[in-house]
Amino acid sequence: MNTLSYKTVSANKKTVNKQWVVVDAQGEILGRLSTKIAMIIRGKTKPDFTPNVDCGDNVIVINADKVKLTGNKFSQKEYVSYTGYPGGQRFISPKELMAKHPERVIEKAVRGMLPKNRLGKALFGNLYVYAGSEHPHAAQNPTTI
C-alpha cells in the first residue's frame, strides 16, 4: 500500500473558498435556524473544514423580524447583560428586544453557538442580519438557501 498518496489537506487563509449565502428567516424557528447558520459560518458544511481557520461562508439573514420562538419563550425567556456597575444587571425579553432591534435576537443566538475565542469573534463578523427583505450585498451575488 502506498501511504504517500494519503495526504491530509488543511485549509488556510489563502486556500479557503468563501461564498455568500442568503437565508430567509420568515416563519423559521429561532434555534433551528441559528444552528444551521452557525454551521455554515463555521465551515462545517464544507469538505475542507479546518477547525482553526475561518473557512466558512458569509451569511446574510433577511426577514429577521419574522422569526418564531416556540412555547412561551417569546415572553418568558430573558437575555441578561451587565453594565459593569453595582446593581447594573439588566434583563430583556425577546418580545422587548424584537420591538427595539429585531436583528439582535438572531445575532445573540448565533453568537452563542460559535467558539468563545478570537476565531469565534472573527467568524461572527461573517454574519449580516437585516430585519426586512432587502439587503445591500447584491454585488456579491449571494446564493439563496
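Modeller: Two strands count as paired if DSSP finds at least two bridges between them. The model is predicted. By that rule, β3 (residues 79-82) and β4 (residues 89-92) pair, because 4 bridges join them. These two strands run antiparallel. Y82 stands opposite Q89 of β4. The hairpin of β3 and β4 has 6 residues between the strands. Within this hairpin, G84 takes a positive phi near 100 degrees.

Now the part I would look at closely: the open sheet. It has 4 strands in the order β5-β2-β1-β6, and the pairing is parallel. β5 (127-129) and β6 (143-144) stand at the edges. Each has a single partner strand, so one side of each is left without a neighbour in the sheet. Helix α1 packs on this sheet and touches β1, β2 and β5. The direction of α1 makes about 155 degrees with that of β2. Helix α4 also packs on the sheet, touching β2 and β5. The direction of α4 makes about 155 degrees with that of β5.

Next, the strands inside that order. β1 covers residues 20-24 and is mostly covered. Of its 5 residues, 4 are buried. β1 is joined to β2 (residues 58-62) by 5 bridges, and the two strands run parallel. W20 stands opposite N58 of β2.

Stay with N58 for a moment. N58 sits in strand β2. N58 has a relative accessible area of 8%, which means it is buried, since the cut-off for buried is under 20%. Leaving out residues up to four places away in sequence, N58 touches K18, Q19, W20, V21, N126 and Y128. In a regular strand, side chains alternate between the two faces of the sheet.

Most residues other than glycine have a negative phi. N63 has a positive one, near 60 degrees. N63 lies in the loop between β2 and α2 (73-76). At a relative accessible area of 5%, N63 is buried. N141 also has a positive phi, near 50 degrees. Its loop runs between β5 and β6. N141 is exposed, with a relative accessible area of 62%.

Last, the helices against each other. The axes of α1 (residues 30-42) and α4 (residues 103-111) come within 9 Å and cross at roughly 60 degrees. That makes α1 oblique to α4. The crossing is right-handed. From α1, the contact uses L30, L33, S34, I37, A38 and I41. From α4, the contact uses V105, I106, A109 and V110. The residues of this contact divide into 9 nonpolar, 1 polar and no charged.

Then bring in α1, which touches β1, β2 and β5. Finish with N58, whose contacts include W20 and Y128.

Methods. Residues numbered from 1 in each chain as written. Predicted model: local features only at pLDDT ≥ 70, side-chain atom pairs only at ≥ 80, totals over all residues. Heavy atoms only, no water. Axes fitted to C-alpha atoms, helices over the stretch in contact; angles between N-to-C directions. Parallel < 35°, antiparallel > 145°, perpendicular 65-115°, else oblique. Left-handed = near helix turned anticlockwise from the far one by under 90°. Contact = heavy atoms within 4.5 Å. Nonpolar A, V, L, I, M, F, W, Y, C, P; charged D, E, K, R; others polar. Buried < 20%, exposed > 50% of the residue type's maximum accessible area, 1.4 Å probe, protein only.
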